[in-house]
Amino acid sequence: MIETVPSICRYCTAFCPLLVTVEDGRATKVTGDPDAVEYQGYTCPKGRAIAAHTYSANRLLHSVKRVADGEFQQIASVDAVSEIGDRLRAIIAEHGPRSVAMYFGNGQMQHPFGVMFAVAMFQAIGSPMIFSAVTLDKPAEKTAMVMHGYWIAGGQAFAEADTWLIIGGNPLIAKSNGAPINNPGMRIKEAVRQGMKLIVIDPRKTETAKRAHVHLQPKPGEDPTLLAGLIHIILAEGMYDWAFVAENAAGLETLRAMVEPFAPAYVAERAGVPVDLLLEAARTFGRARRGMSVCATGPSFATRSNLTFYLSLCLNTLCGRWTRAGERAVFPNVLLPSFTPKAQPLPPYDVYGTAPMRVMGLRETAAGMPSAALPSEILLEGDGQVKALFCIGGNPMSAFPDHQTTEQALRSLDLFVSLDITLNASSLLSDYVIAPPMPLELPALTLQTEFTKYMHASRGYQTPWAQYAPAAVAPPQGSDLMEEHRFFFELSRALDLQLVIASGFGSGKFVESPPQSLTLNMAGEAPSLDELFEWATINSRIPLDEVKKYPHGKKFQIDITVEPRDPECTARLELADAVMMAELRELRAQEPLADPRYPFRLVCRRANNSYNSIGTDLPELLKGKPYNPVSAHPLDLATLGVTVGDLVTIQSPVGPLLAVAEADDTLRRGVVSLTHGFGSQGGDPRVVGSNVNELIDNAEYDPLTGIPRMSGIPVAIVPATAAAV
Ligand SMILES: Nc1nc2c(c(=O)[nH]1)N[C@H]1C(S)=C(S)[C@@H](COP(=O)(O)OP(=O)(O)OC[C@H]3O[C@@H](n4cnc5c(=O)[nH]c(N)nc54)[C@H](O)[C@@H]3O)O[C@H]1N2
Ligand SMILES: Nc1nc2c(c(=O)[nH]1)N[C@H]1C(S)=C(S)[C@@H](COP(=O)(O)OP(=O)(O)OC[C@H]3O[C@@H](n4cnc5c(=O)[nH]c(N)nc54)[C@H](O)[C@@H]3O)O[C@H]1N2
Ligand code: SF4
Ligand SMILES: [Mo]
């Protein structure tokens, strides 16, 4: 029998609707869904390769246990749970609850309840050691919001904006932030056609920058300088919204004084951009009526990320780019609880959390625990040392800077359990790998993508879109797969723990609707994913049953008007946080030093055909190019005497890395770029690619969030020969 059924891709938060051809219970073809109106049938190559991924030879169809280095034995999932339970009980008894840690990465997106159940288990154990990819991604998105304050009604709509500033992001490829996630290429094209003046700050003329009215192509790491310069010009030329600022913000005069030394000539020279383009960017943004400034991973990975993200929020506040009373709410909540936003701030609050780290002078912040410090924390002996690690859909061996320390730390654990679909560089070091079902085998709901609005005022759906899709296929015959949430349920039961799962609607102190909790019946079965979807949407604005009536998704008719500020509300957004102002002063005082040994700056970039390390082992996606080249401007390659396809050694202060050279004239001269996600198991760079994290250590890190410098890395490039492999 052949049928075509809808599903949803969940590799990234774009959640593209899919049509899956199912022949005799097996997915044979995947395309975009033309009936999903908000996406116009869009998917990227990864979504279309999802059937190939599901049946890939590398996929785990049963859980495994490591019996020797690199050697695994099949184990029934229930037996794995019971063995892990025994070992965990002994570890907790000997070393205490803090000796148990978890890290979750992007692979949890397929199955959000896995992390929710794991967190409930950690609460029952009493361990605060919860780490995630957030602190390796854009931790400043959170910390800056907390220091600046939230605007409860959210940001302005992309579709109605006449300008938009994207700092170090490429939504055309990454579909992450900077533009609406439903077919960002189309959304940007439409907006530009309607007159939006896009401004992009990126050392590379990216696919997105090609659509820009102004593209500033600076030296990496100069974003805070540029933003201070933009604010300087906007204030000096009176292009800010004084009425909005007077009513809703504090600290204007302090900020004005602090950006005074960032005059256009100084900023342009320091950042390496033409002064007329800088002025044009400031005037385009300042004179527009609507449109936001948004930061992505480029400035997050460079130094002073809190300051960059903070100044970007200040720019939005100065220009009054928040949704006002009487306007249509941009984020109307469909599967999230109904909520009527108000045009008022939630004031700043303490950016620190409660859990301390024992290393690097770090602690928990609003962004969570600093993941890059986890390996050192594991290795440091003494009270509170981490002995057991659960890794849920993450690949630290690929994602963590300081590759060598990460490997040493993971190898030193008493118990390392991964929940992963494959044996990759990290799960290969695990004692147990629990094999879960893959996305086509699970029901899907767009709730998670709606949640991303709590991460930044411009993220998530900007239209009332929702979709539910049942599992498209059953897991392969003969497989023994255990869903992530079920694993933590069964493990908790083995440890006699009572789980209470909780879902919060908001971020930190920004609470839209009261959290929901559910005390699980530990004597019964773990709830199914569908039961959990029911529970998570009990208070949704549109009932789940209504959403289910539209198998290809639906844009619901929801018109919510933003209410005015409460008369008694005295809250203000903060334009001059003391810590941020001190950093701004430091920035002005510390000019970057050039080290002649490392004449190039290495930056990150996303590849369209892989998702971090996901897909880097899939021939259907790699299409004959299984590696990640290091790209440089053709004139830089010529100066180095390097020809395209040659091997080069990239030398950073912490290590050499071999990579294949590629020419890319969209890069600024002196900047080279390399995606992460490849080569983490080692091997010939022409066959498996190169692990950029071998070039990065965690010695230089942000003192607040702990994110290491992962962009703008000083490097040298020297020709290499095949003999070096
Ligand atoms: N140098 C450098 N380092 C970086 C970055 C960079 O650009 N440069 N980027 C950073 C960023 S932004 C991030 S978010 C992190 C990414 O950090 P991680 O999320 O840790 O890394 P991924 O490679 O995305 O790993 C995802 C894992 O999920 C597994 N997986 C896929 N599907 C499923 C599933 O259905 N269930 C389960 N359980 N697992 C699944 C995959 O096999 C893979 O092992 O890396 C960070 N590190
Ligand atoms: N196809 C695909 N999509 C993905 C992913 C993937 O691996 N592949 N990964 C997902 C993940 S985990 C994330 S976090 C998002 C990331 O989404 P984005 O943040 O949009 O990531 P990139 O596309 O790498 O864009 C980062 C840009 O920053 C620029 N840059 C580097 N250094 C600097 C700097 O110092 N200043 C400025 N201004 N720019 C700089 C780079 O040239 C690059 O163009 O994408 C997600 N989506
Ligand atoms: S990976 Fe591609 S197809 Fe899948 S949700 Fe993201 S953009 Fe859409
Ligand atoms: Mo990320």
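Which residue lies over the face of Tyr 550? Lys 554 does, at 4.8 Å from the ring centre. A charge counts as over a ring if NZ of Lys or CZ of Arg is within 6 Å of the ring centre and within 35 degrees of the ring normal. Arg 26 sits likewise over the face of Tyr 55, at 3.9 Å from the ring centre. The model is predicted; local features need pLDDT of at least 70, side-chain atom pairs pLDDT 80 or more, and totals for chains, interfaces and linings use all residues. Residues are numbered from 1 along each chain as written, chains are lettered from A and ligands numbered from 1 in written order, and side-chain values use heavy atoms, without hydrogens and water.

The whole structure holds 15 aromatic pairs. Rings of Phe, Tyr and Trp (its six-membered ring) pair if their centres lie within 6.5 Å; planes under 30 degrees apart are stacked, over 60 edge-to-face, the rest tilted. Phe 262 and Tyr 266 pair edge-to-face, at 6.2 Å and 70 degrees. Both are buried (under 20% relative accessible area, with exposed over 50% and partly exposed in between; 1.4 Å probe, protein chains only). The ring centres of Tyr 468 and Phe 533 are 6.4 Å apart and their planes at 85 degrees, so this pair is also edge-to-face. Tyr 468 lies in strand E22 and Phe 533 in helix H20, so the pair ties together parts 65 residues apart in sequence. Helices (H or I, at least four residues) and strands (E, at least two) are DSSP runs, numbered from the N terminus. Tyr 468 and Phe 533 are both buried. Ring pairs also link Tyr 150, Phe 451, Tyr 454, Phe 505 and Phe 510 into a cluster.
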